[in-house]
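Have the model open as you read.

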Amino acid sequence: MTTGTLITVAPTGAESAKAEVPALPVTLDELLLTAKECEALGAAVIHVHIRDDEAKPTLDQGRLRETVAALRESTDLVVQLSSGGAVTDPEADRLAVLDAGPDMASCTMGTVNFGDDVFLNRWEFIVDLHTRMQERGVVPEYEIFDLGHLTALQRLLGKYGLPAGGHVHVDFVMGVPGGMPGTTEALVACRQALRDLPEGTTFSATGIGRSTIPVMLASLSTGGHLRVGMEDTVTYAKGSPVESNMQLVARAVGFAQLAQRPPLTTAQARDLLGVPAARR
Ligand code: KMH
Ligand code: ZN
């Protein structure tokens, strides 16, 4: 069944430096303004990485809690905290992200080379994240950087059961140097592999850098949803830096409308993902 389009904005990430990408939202005020404007355009979920006073990535618990509370106060967006953090973050800090009480958290389904770095996700760590999310009622978004990560997800669900909320939603993160390419062929291969996951499993996709548009079109045409934002893309078109996250969300909304799959509201997104209603 084709539905409307779930649009997730990933506004900041942990990889770009504010000095090199001045439009990146790094303060709480910048994040809130971005969140409100992206919600007004059609985003329903926000995937959040935060920064410290020097604009460096941080998993500081106080800041995470303050961010979750402020986003809830000023938007109805589904608040998804990154448990991936930066490649240098220790596992304990990544697990502690759940203590900040988000609606959702990311859960990456395996280790992947990440440019010159390694994004480490040991099996036991994944199991810990998954089971703690079940205990706390935090809905996971399973991040898939390579085809084999879907096999790992099948194993995880088979051994440890369905996530909080009972619905399985995955996000194909494509085009990371070291992971699967951001191509239609790779997306279709992942799409096919979803048949081994529970009935009704949904997917979003995001293409890093210049793969953003091919991945967006491939996802829309195969029934998938979209993640866009400056975490993944800082160039809008050849020679044109992204001006704001709103520019990327507006483009995604335009593509979704052309595909006759308009953006889901935040309430519809909560229904789809099994996330309880907004508490505002
Ligand atoms: N920053 C990457 C190393 C996630 O948010 O869960 C990990 C990442 C995935 O961004
Ligand atoms: Zn992330």
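## Salt bridges

A salt bridge here is a side-chain nitrogen of Lys or Arg within 4 Å of a carboxyl oxygen of Asp or Glu. By that rule, the side chains of aspartate 232 and arginine 227 make one, at 2.9 Å from N to O. This is a predicted model, in which local features need pLDDT of at least 70 and side-chain atom pairs pLDDT 80 or more, while totals for chains, interfaces and linings use all residues; side-chain values use heavy atoms, with hydrogens and water left out. Residues are numbered from 1 along each chain as its sequence is written, with chains lettered from A and ligands numbered from 1 in the order in which they are written.

Arginine 227 also has a salt bridge to glutamate 231, at 3.4 Å from N to O. Take buried as under 20% relative accessible area, exposed as over 50% and partly exposed as in between (1.4 Å probe, protein chains only). Arginine 227 is then buried at 4%, and aspartate 232 is buried at 6%. Glutamate 231 is buried too. A network of salt bridges links Glu143, Asp171, Arg227, Glu231 and Asp232.

The salt bridge count comes to nine. Another of these pairs is glutamate 91 with arginine 122, whose closest N and O atoms are 2.9 Å apart. Glutamate 91 is partly exposed at 25%, and arginine 122 is partly exposed at 39%.

## Strand E9

Helices (H or I, at least four residues) and strands (E, at least two) are DSSP runs, numbered from the N terminus. Strand E9 covers residues 139-144, and six of its six residues are buried, so the rest of the structure largely encloses it. Val139, Glu141 and Glu143 point one way, with Pro140, Tyr142 and Ile144 pointing the other way.

Strands pair if DSSP finds at least two bridges between them. E9 runs parallel to E6, joined by five bridges, and valine 139 is the bridge partner of methionine 104. E9 also pairs in the parallel sense with strand E10 (residues 169-174) over three bridges; here isoleucine 144 stands opposite phenylalanine 172.

## The largest pocket

A pocket is an open set of points on a 1 Å grid over the protein atoms alone, where a 1.4 Å probe fits, with protein on both sides within 12 Å along at least five of seven lines; lining residues have an atom within 4 Å of a point. The largest pocket holds about 530 Å³, a volume being the space filled by probe spheres set on the points. Of its 30 lining residues, Glu15, Phe114, Val176, Ile208 and Glu231 are the closest to the centre.
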